[in-house]
Amino acid sequence: MNSFRKAVEAGDLDAVEELLADDVVFTSPVAFKPYPGKPITAAILRGVWRVFSDFRYVREIAGADGRDHALVFTAKVGDKEINGCDFLHFDEDGRIDELMVMVRPLSAAQALSEAMGAQFEQISREAAGA
């Protein structure tokens, strides 16, 4: 089990943030443009933590070199069941430099988009250090 999964499952968002490279790029399942940088990525992940309930990883797939991981998860957004996958790439220093999330079904992705939209003012303040 990788360190990101352990931190998420423990609800240790500070440890999750520590695992992010300064130049991490977060690719959202519901936004067109990726989000570059540790502050915004950490703030988005905190927002997701507030939006998801009943979150759990159900499968982990690792690349042969240990730098690529796919973590399949289930969760709820409101009353919608969501299935998704976190795709992680770790740099030479063991920090996450790429984090891409994909989710399904469409109705749950739409619910996630709405819920995260409602969080985005707080996410922006957190990313700015306010």
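Leaving aside neighbours within four places in sequence, which residues is Ile82 in contact with? In this predicted model, the contacts of Ile82 are Phe52, Phe73, Thr74, Ala75, Lys76, Val77, Val103, Arg104, Ala108, Ala109 and Leu112. Ile82 also belongs to the largest nonpolar core, which has 35 residues. Phe4, Phe52, Ile82, Ile96 and Leu112 are the members with the most contacts inside this core. Helix H3, residues 38–51, gives the core its largest share, seven residues. In soluble globular proteins, nonpolar side chains tend to be buried together.

The protein chain contains four helices and six strands. Read from the N terminus, the order of these elements is α-α-β-β-α-β-β-β-β-α. The radius of gyration of the protein chain is 14 Å, which agrees with the value near 14 Å for a compact globule of 130 residues. Along the principal axes, the C-alpha atoms fill a box of roughly 35 × 35 × 30 Å. Of the 130 residues, 41% are buried. Among contacts with a separation of 6 or more, 47% join residues 24 or more positions apart.

Ala43 is placed in helix H3. Its relative accessible area is 3%, and because buried means under 20%, Ala43 counts as buried. Apart from neighbours within four places in sequence, Ala43 is in contact with Ile123, Glu126 and Ala127. Ala43 and Ala128 are 85 residues apart along the chain, while their C-alpha atoms are separated by 9.2 Å.

Two features of the backbone were examined next. Most residues other than glycine have a negative phi, and most peptide bonds are trans. Asp54, a residue other than glycine, has a positive phi, near 50 degrees. Asp54 lies in strand S3, which covers residues 52–62. The relative accessibility of Asp54 is 58%, so this residue counts as exposed, the cut-off for exposed being over 50%. The peptide bond from Arg104 to Pro105 is cis, and its omega is near -10 degrees. Pro105 is found in the loop between strand S6 (96–104) and helix H4 (106–127). Arg104, at the other end of this cis bond, is also one of the contacts of Ile82.

Terms used
Residues numbered from 1 in each chain as written. Predicted model: local features only at pLDDT ≥ 70, side-chain atom pairs only at ≥ 80, totals over all residues. Heavy atoms only, no water. Helix = DSSP H or I, 4+ residues; strand = E, 2+ residues; numbered from the N terminus. Rg over C-alpha atoms; globule rule 2.2 N^0.38 Å. Buried < 20%, exposed > 50% of the residue type's maximum accessible area, 1.4 Å probe, protein only. Contact = heavy atoms within 4.5 Å. Core = buried A, V, L, I, M, F, W, Y, C linked by side-chain atoms within 4.5 Å.
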